[in-house]
Every structure is written in structure tokens, then in C-alpha cells.
Amino acid sequence: MYGARRSAAIAPDHDKDFMLIADPKLFSLVVPTWQGGSFVPRLLDYLDERQFPCSIVIADDSTGEDRTFVEQCAARYPRLRIKVDLYPYGTSFMDKLARTLQRVPSRFVMLQAQDDFPVPGGVEACVRELERNPHYAAARGRIGRFFLGHDGSPAAAVNLTLIPHAMRAYLADDPVERVV
């Protein structure tokens with residue numbers, strides 16, 4: 001079942017009125033999706049519960065129930081600022097990404113996997129660092145990785161690992177060229 005909403009049990013860890021990521025001219029979260037199944041609703045439930053303040057662009061080329069959910073997600077999540085870019089089924093990932101990024105008016109974008117969960121304060125720190133250092137082309141924090149059992153319960157021993165990721169900086173002015 002898509003969009004099984006939970007109550008907003010998680011309090012936001014940020015003051016969304018004073019965050020740079022709340023400015024759509026400065027920052028957007030871009031979520032490329034394809035046959036997202038339970039991942040897209042779970043991500044949007046999380047972003048809604050966290051009161052994630054940024055512009056969210058979903059680029060989708062799904063079919064069936066997955067496509068229907070994506071088409072309706074802006075109405076299902078009225079507290080989120082969601083824009084949906086729909087592509088024909090089978091559009092290549094790179095083509096979908098390039099076409100979407102060309103239309104995003106934000107100076108900075110974050111590519112968001114449909115099965116990951118961003119932390120607003122961490123995203124804000126990256127955007128502030130990029131804003132303070134105009135010669136930087138990319139910023140990335142650490143990733144916390146954990147594994148659950150198949151039924152959603154914690155596996156026997158939950159292993160949380162913080163992983164630093166080095167990222168090659170691209171100096172092109174065009175954000176599409178920096179990513180592709």
C-alpha cells in the first residue's frame with residue numbers, strides 16, 4: 001500500500017525558517033525514481049515527518065501503481081514542496097537526470113536516492129559550506145549505514161557505520177556538467 005502515513009512522531013531537528021536549504025533558488029533535492037515501490041512513499045513519509053524545508057524534484061519514468069503514486073505525491077504530501085517531472089517509461093537514468101537538472105533553478109542540488117534518508121542539519125551544513133566557498137563544486141558529509149531484518153526488525157546485531165566519502169570536485173559552472 002502506497003503512502004501509509006504515520007503520525008508526525010519525529011520532531012524536526014532544525015528551524016526551517018532560517019535554513020538556506022529552504023530557498024528554492026539556492027537548493028533543491030532531486031530524487032530520480034523508477035519503480036519505487038515502497039521506497040518512494042517511505043522517503044516522502046520521512047521527509048514529511050522531518051518537515052524537510054527544501055524544494056523536492058522527483059524525476060520519474062515508472063509505470064503502473066508506482067507511476068500513479070508519483071503523479072499524486074504532491075497532493076498526498078501538501079507540507080512538502082514537491083515538483084514532479086514525468087518521463088516516458090524506459091528513459092535512461094542519465095537522460096532523465098540531465099533533463100531534470102537543466103530545469104532546476106537552484107544553485108545547488110543534492111541527488112537523493114529513493115532508499116536513503118537525508119538529515120536536514122547535515123544537508124544544511126553542506127550548503128552553508130558551499131555558499132562560504134564559491135570555488136567548491138561539491139560537498140558531502142558522512143553516511144550512516146545500517147541493516148534491518150527482512151521483516152523490518154533490526155537484524156541480530158545492528159551495525160551502524162559512519163563512512164566518509166571523498167568526492168572529486170568538478171569546476172564547471174553548469175551543474176549538469178558537474179554531476180554527469
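**Sheet and helices, term by term**

Tutor: Four strands make an open sheet, ordered S3-S2-S1-S4, with parallel pairing. This is a predicted model: local features need pLDDT of at least 70, side-chain atom pairs count only at pLDDT 80 or more, and totals for chains, interfaces and linings use all residues. Residues are numbered from 1 along each chain as its sequence is written, and side-chain values use heavy atoms, without hydrogens and water.

Student: Why do S3 and S4 stand at the edges?

Tutor: Strand S3 (81-86) and strand S4 (108-111) each have a single partner strand, so one side of each lacks a neighbour in the sheet. Strands here are DSSP runs of E, at least two residues; helices are runs of H or I, at least four; both are numbered from the N terminus.

Student: What makes S1 and S4 a pair?

Tutor: Pairing requires that DSSP finds at least two bridges between two strands. Four bridges join S1 (residues 27-33) to S4, so they count as paired.

Student: What is the kink in H2, and where is it centred?

Tutor: About 30 degrees, centred on Val70. The bend is the angle between axes fitted to the seven residues ending at a residue and the seven starting there.

Student: Which residues of H2 are called buried?

Tutor: Asp66, Arg67, Phe69, Val70 and Cys73. Buried means under 20% relative accessible area, exposed over 50%, partly exposed in between (1.4 Å probe, protein chains only).
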